[in-house]
Amino acid sequence: MTARYTPAGISRRHLMATGAGLAATGIIGLPQQALAADPIKVAGIYTVPVEQQWVSRIHKAAVAAVEAGAADYVYTENTANTDYPRVMREYAEQGYKLIIGEIFGVEQEAREVVDEYPETAFLLGSSFLQDEAHPNLSVFDNYIQDASYLSGIIAGAMTQSGNIGVVGGFPIPEVNRLINAFMAGVRETRPDATFQVSFIGSWFDPPKAKETAFAMIDNGADLMYAERFGVSDAAQERGVLAIGNVIDTQADYPETVVASALWHFEPTLNAALAKVADGSFTADNYGTYSFLKEGGCSLAPLGTFDGKVPGEALALVAEREAAIRDGSFTVEINDEEPKSS
Amino acid sequence: MEIFDILLTASFWAAAVRIASPLIFATLGELICERAGVLNLGIEGIMVIGAFSGWMAVYLGAPLWAGVGVAMLAGMLFGLLHATLTVPFGLSQHVVGLGVTLLASAVAYFAYRLSLPEVTSPPKIVPFQPVEIPGLSQIPLIGPAFFNQTPLTYLAFVLIAVVSIVLYRTPLGLALRAAGENPASVEAQGLSVTAIRMGAVIVGSGLMAVGGAFLTMSAFSSFFFEMVNGRGWICIALVVFGAWRPGKAALGALLFAAFDALQVRLQQTPLGALVPYQVFLMVPYILSILALVLMSRRAEVPAALMVPFNKGER
């Protein structure tokens, strides 16, 4: 489904076909021209609905850019990987200057399309690094290991049994990196912690994630790392704690989610917008814009758990956060598949 | 052996029953269709529409049971479409079924986006809660596993009996089975094969949709587009596994669910450190295929399955 985001709210459209959405662009885009600097035409192409945790952060940043007058944004969600190159071409043909999205499932084909449109800047989530052979393609990913590590420090202080459950989708680098950083954080405050790690082989099967979490809680886990939807639900039902990932879900689980490692896509997108505007967009790795010191990630406010987390843990979090910011401490980037211990 | 320790825990069996419940609804639904002679490959999409519509109704303020009713009606609507195309028109059941799956999934997603254009994470409803059955839930092992479940799970198990009785002990069931074995004999009795087959597909689709609704209204509390995740296709295999008999098919669903609950737990044993997790995820499917191979040797396939019936044709 294709949709157009405009700040006024009056011309928000949700149209069936990409073509129809693009046809509407010329008409609805007009009020934007009044702004001082011309907003850059940005198109998002997502393989999942914009509710999905990871994509929701990209979408949120793009919406913020529209509201700041820096971008003019349309998006197509739930695009099948097989359809992805076609949608890329359609937006490129329509004159969109910056195309954002994720090509984890279409790495090769997407690069072929990128080469066909050298005038268009592509900023795409990818498992591979940038390549000079594709000068108009920059890659990114959610390198939020800094925040994951900090959330681990809190988790280590909150677990009673030292038995922590981790339910992931697939062991791909992005997922592994955050789990490993989380585990490293836990060991700071709970060196003897043990981990139960499982992958459910699906991104969207909350009932399955929930069942997997139940099994871990039955097996003694008293704190769950909620990489997938469904895990916090199991934790809530069984009265154990959870740590969130990428988004803050504490509002839905006020007694369950202690802390969350948040991803902020804004620094990544704003850097790309600035480079497209001054014509300096080249092949680059934007992953570093997700680092804590770039403002690309943060620890969510403790909220309902304010005052319930031990002071020493919070002191360590503050100390490490400062050290990460001034460069005296680096959280290891470890993309290996985490194992149970 | 850790495996026996796992098999002797009530929480393992409770998990197996939970995982089996949506499969039981959808398998019974598919079985009714196939017993009448119609293969319903719309099952996957019909489960999606059931998962969506039931949840949406509750989200909009309907009581939970009304949501189940809405899901069933939505499934029956797509069943009507499937039945119309395959029974009176006699079109390819494979093509129509896959078409219905694609259409129903797309409609569910389209309706979802129209009704919730801007949400950051899918909204939640208060799902069915487990209800303890007094007395029975006190039985060791079996009690907490079978008698501390949500009402929808109880309904699934009651339906196994209901479908069995209707199929084997009533004139309606006889006519339905005959429509799938020898439709000409049904017509000779003065009954309409078209009406029986259409009715079977519509009712069966309604049950499939309730199976989908179980995912959003009992197993979980919000709707995700891809959350049915192939469960419908598993039910097609379960019908074959059960040799087109409701009791056996439900047993197959429970067996599959038990394997699934087992693999999750085995991953946390010392074995899990040695074997890649993908192998564990495969276990329920591999064992089901093996069981299918063994069981289907003696299966009696409805003779007129996938054979369109044209009145008066010889």
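Reply: The account below begins with the model and its numbering, then turns to the helix and its surroundings.

This is a predicted model, in which local features need pLDDT of at least 70, side-chain atom pairs count only at pLDDT 80 or more, and totals for chains, interfaces and linings use all residues. Residues are numbered from 1 along each chain as its sequence is written, while chains are lettered from A and ligands numbered from 1 in the order in which they are written.

The helix in question is α7 (206-218) of chain A. Helices (H or I, at least four residues) and strands (E, at least two) are DSSP runs numbered from the N terminus. Chain A holds 10 helices and 13 strands. α7(A) has 13 residues and reaches 18 Å from its first C-alpha to its last, close to the 18 Å expected at 1.5 Å a residue; the expected span is 1.5 Å times one less than the number of residues.

α7(A) is mostly covered, with 12 of its 13 residues buried. A residue is buried if 20 or more other C-beta atoms, placed from the backbone, lie within 10 Å of its own, exposed if 12 or fewer, and partly exposed in between. Among the buried residues of α7(A) are A:P206, A:P207, A:A213, A:F214 and A:M216, and also A:K208, A:K210 and A:E211. For chain A as a whole, buried residues make up 55% of the 341 residues. Just after α7(A), A:G220 takes a positive phi of about 105 degrees.

The contact with chain B joins 30 residues of chain A to 32 residues of chain B. Two residues are in contact if their C-beta atoms, placed from the backbone, lie within 7 Å. On the chain A side, the elements that give two or more residues are β9 (194-199) and α7 (206-218). The largest share, 9 residues, comes from α7(A). By class, this side of chain A has 10 nonpolar, 12 polar and 8 charged residues. Here Ala, Val, Leu, Ile, Met, Phe, Trp, Tyr, Cys and Pro count as nonpolar, Asp, Glu, Lys and Arg as charged, and the others, Gly among them, as polar.

Next comes the domain setting. Chain A is divided into domain 1 (2-140) and domain 2 (145-263 + 295-326), with bounds from an automatic or database domain assignment. In chain A, 5 residues of domain 1 are in contact with 5 residues of domain 2. The domain 1 side of that contact has 1 nonpolar, 3 polar and 1 charged residues. Among contacts in chain A between residues at least 6 apart in sequence, 65% join residues at least 24 apart.

Two further residues have a backbone feature to note. A:V246, in strand β11 (residues 241-246) of chain A, has a phi near 75 degrees, a positive value in a residue other than glycine. A:V246 counts as buried because it has 24 C-beta neighbours inside 10 Å. In chain B, B:M306 has a positive phi of about 70 degrees although it is not a glycine. B:M306 lies in the segment after α14 (277-295) of chain B and is partly exposed, with 15 other C-beta atoms within 10 Å.
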